[in-house]
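Let's go through this fold together and ask what lies behind each label. Have a look at the structure first.

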Amino acid sequence: MEDEARLTAWVRGTVQGVGFRWFTRARALEIGGLSGFALNVRDGRVQVVAEGPRAACEELLKWLRGSDTPGSVQGVTEIWDTPRGGYEGFAIR
């Protein structure tokens with residue numbers, strides 16, 4: 001059985017008003033096995049919480065840091081934890 005993980009990432013840059021949350025959800029669904037959400041934060045960042053297999057979370061984090069995201073990502077800060085559950089699918093908040 002693969003290790004389950006919880007990734008919380010804060011993405012900074014030009015990431016609001018460019019479809020970032022929508023594309024993050026689409027990427028999470030494409031990777032598969034992830035639940036959680038993407039949320040605009042008042043200070044201009046996007047918070048992403050993803051739970052599922054650690055490898056899937058790592059793949060999402062790699063995408064968040066990559067050049068294929070909408071807008072312009074200047075940096076990503078992440079925290080790893082154990083899953084808390086309670087999410088149905090991957091939502092845009």
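**Labels and the values behind them**

The buried residues of helix 1 pack against strand 1, strand 2, strand 3, helix 2, strand 4 and strand 5. This is a predicted model, where local features need pLDDT of at least 70 and side-chain atom pairs pLDDT 80 or more, while totals for chains, interfaces and linings use all residues. Residues are numbered from 1 along each chain as its sequence is written, and side-chain values use heavy atoms, with hydrogens and water left out.

Q: Why is arginine 27 called buried?
A: Buried means under 20% relative accessible area, exposed means over 50%, and partly exposed is in between (1.4 Å probe, protein chains only). Arginine 27 has 17% relative accessibility, so it counts as buried. Glutamate 30 has 60% and therefore counts as exposed.

Q: What makes the contact between arginine 27 and glutamate 30 a salt bridge?
A: The term asks for a side-chain nitrogen of Lys or Arg within 4 Å of a carboxyl oxygen of Asp or Glu. Here the closest N and O atoms are 2.5 Å apart, so the pair meets the definition. Both residues lie in helix 1, three residues apart, about one turn of the helix. Salt bridges that share partners also join Arg27, Glu30 and Glu59 into one network, and the structure holds seven salt bridges.

Q: How do you know which residues of helix 1 are on the same side?
A: Phe20, Thr24, Arg27, Ala28 and Ile31 are buried in helix 1. They cover an arc of only 100 degrees around the axis, which puts them on the same side of helix 1; the arc is that of the directions from the helix axis to the C-beta atoms. On the other side, Trp22 and Glu30 are exposed.

Q: What span is expected for helix 1, and what does it reach?
A: The expected span is 1.5 Å times one less than the number of residues. Helix 1 has twelve residues and reaches 16 Å from its first C-alpha to its last, close to the 16 Å expected. Helices (H or I, at least four residues) and strands (E, at least two) are DSSP runs, numbered from the N terminus.

Q: What makes strand 2 and strand 3 a pair?
A: Two strands pair if DSSP finds at least two bridges between them. Six bridges join strand 2 (residues 35-40) to strand 3 (residues 46-53), and these strands run antiparallel, so they pass that test. Alanine 38, for instance, has valine 48 in strand 3 as its bridge partner.

Q: Why are strand 4 and strand 5 said to stand at the edges?
A: The open sheet has five strands in the order 4-1-3-2-5, with mixed pairing. Strand 4 (72-81) and strand 5 (90-92) each have a single partner strand, so one side of each is left without a neighbour in the sheet.

Q: What does the salt bridge of arginine 65 and glutamate 78 tie together?
A: Their closest N and O atoms are 2.4 Å apart. Arginine 65 lies in helix 2 and glutamate 78 in strand 4, so the pair ties together parts that are 13 residues apart in sequence. Arginine 65, with a relative accessible area of 44%, is partly exposed, and so is glutamate 78, with 28%.

Conventions: Contact = heavy atoms within 4.5 Å.
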